[in-house]
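Thanks for coming. Please look at the sequence and the model on the screen, and I will go through a few local features in turn.

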Amino acid sequence: MRISADLALVNADVVTMNPARPHATAVAARAGRIIAVGDDAETRDHCDGRTEILDLHGACLLPGLTDGHLHPVLGLDLTAGVDLADCATIDAVRARLAATPSVDGWVRGYGLDPNVFVDGVPRADLFEDVLRGVPAFLWVNDGHSVLASHAALAMA
């Protein structure tokens with residue numbers, strides 16, 4: 001007995017990622033799981049009166065591209081050090097960094113707003129004097145960028 005699909009996508013250019021069958025024209029699914037991949041006729045064999053059939057008119061259908069670049073784990077590290085999120089000016093960031101003791105020889109910070117840089121160019125030299133030669137690693141508030149002091153870059 002064949003499992004009935006609740007959704008069938010037909011008339012598509014399906015990229016299967018299967019070297020034995022790299023292309024197909026249809027996919028059938030039940031409860032969010034793929035139950036058939038093949039040509040339209042093969043997939044329609046899994047359909048009944050309750051199956052929603054969507055004609056993709058030749059559109060390309062790709063497998064889900066999952067991005068697992070560790071935000072949950074990295075999130076723990078994103079809040080290490082001094083919180084800079086409420087610093088709206090260079091002077092506020094400088095004051096916060098000047099008051100921050102180094103931990104294990106580093107000053108770390110997070111939440112740095114790039115808008116504090118009046119000219120729009122993030123520059124570590126604006127903080128070097130208050131860091132007193134201590135290497136610094138400051139996460140920008142986008143979570144994808146950092147500003148490293150010259151001492152940190154020299155160590156790298």
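By class, the lining of the largest pocket has 9 nonpolar residues, 1 polar residue and no charged ones. Here Ala, Val, Leu, Ile, Met, Phe, Trp, Tyr, Cys and Pro count as nonpolar, Asp, Glu, Lys and Arg as charged, and the others, Gly among them, as polar. This is a predicted model, in which local features need pLDDT of at least 70 and side-chain atom pairs count only at pLDDT 80 or more, while totals for chains, interfaces and linings use all residues. Residues are numbered from 1 along each chain as its sequence is written, and side-chain values use heavy atoms, with hydrogens and water left out.

Back to the pocket. Its volume is about 150 Å³, a volume being the space filled by probe spheres set on grid points, which are joined across faces, edges and corners. The lining consists of Leu9, Val14, Val15, Thr16, Val27, Ile34, Val37, Leu61, Leu62 and Pro63. Two elements give two or more residues to that lining, S2 and strand S5 (33-38). A pocket, on a 1 Å grid over the protein atoms alone, is an open set of points where a 1.4 Å probe fits, with protein on both sides within 12 Å along at least five of seven lines; lining residues have an atom within 4 Å of a point. Helices (H or I, at least four residues) and strands (E, at least two) are DSSP runs, numbered from the N terminus.

Next, the backbone. Asn11 lies in the loop between strand S1 (7-10) and strand S2 (13-15), and its phi is near 55°, a positive value in a residue other than glycine. Is Asn11 buried, exposed or partly exposed? With a relative accessible area of 32%, Asn11 is partly exposed; buried means under 20%, exposed over 50% and partly exposed in between, with a 1.4 Å probe and protein chains only. His57, in the loop between strand S6 (52-55) and strand S7 (60-61), has a positive phi near 50°. His57 counts as exposed, at 65% relative accessibility.

Now the aromatic rings. Rings of Phe, Tyr and Trp (its six-membered ring) pair if their centres lie within 6.5 Å; planes under 30 degrees apart count as stacked, over 60 as edge-to-face and the rest as tilted. How many aromatic pairs are there by this rule? The count is 2. Phe117 and Phe127 have ring centres 6.1 Å apart and planes at 70°, so this pair is edge-to-face. Phe117 and Phe127 are 10 residues apart, each in the loop between strand S9 (107-112) and helix H4 (128-131), and both are buried. Phe137 and Trp139 also form an edge-to-face pair, at 5.6 Å centre to centre and 90° between the planes. Phe137 is partly exposed at 25% relative accessibility, whereas Trp139, at 10%, is buried.

Ser149 sits in the loop between strand S11 (146-148) and helix H5 (150-155) and is buried, at 1% relative accessibility. The Ser149 side chain reaches the backbone nitrogen of Ala136 at 2.8 Å. Leaving aside neighbours within four places in sequence, Ser149 is in contact (heavy atoms within 4.5 Å) with Ala124, Glu128, Leu131, Val134, Pro135 and Ala136.

Ala98 is in helix H3 (residues 90-98) and is partly exposed, with a relative accessible area of 39%. The C-alpha atoms of Ala98 and Ala29 are separated by 59 Å.

Note on methods: A polar contact is a pair of N or O atoms within 3.5 Å; within protein, one must be able to donate a hydrogen and the other to accept it, and residues adjacent in sequence count only if both atoms are side-chain atoms.
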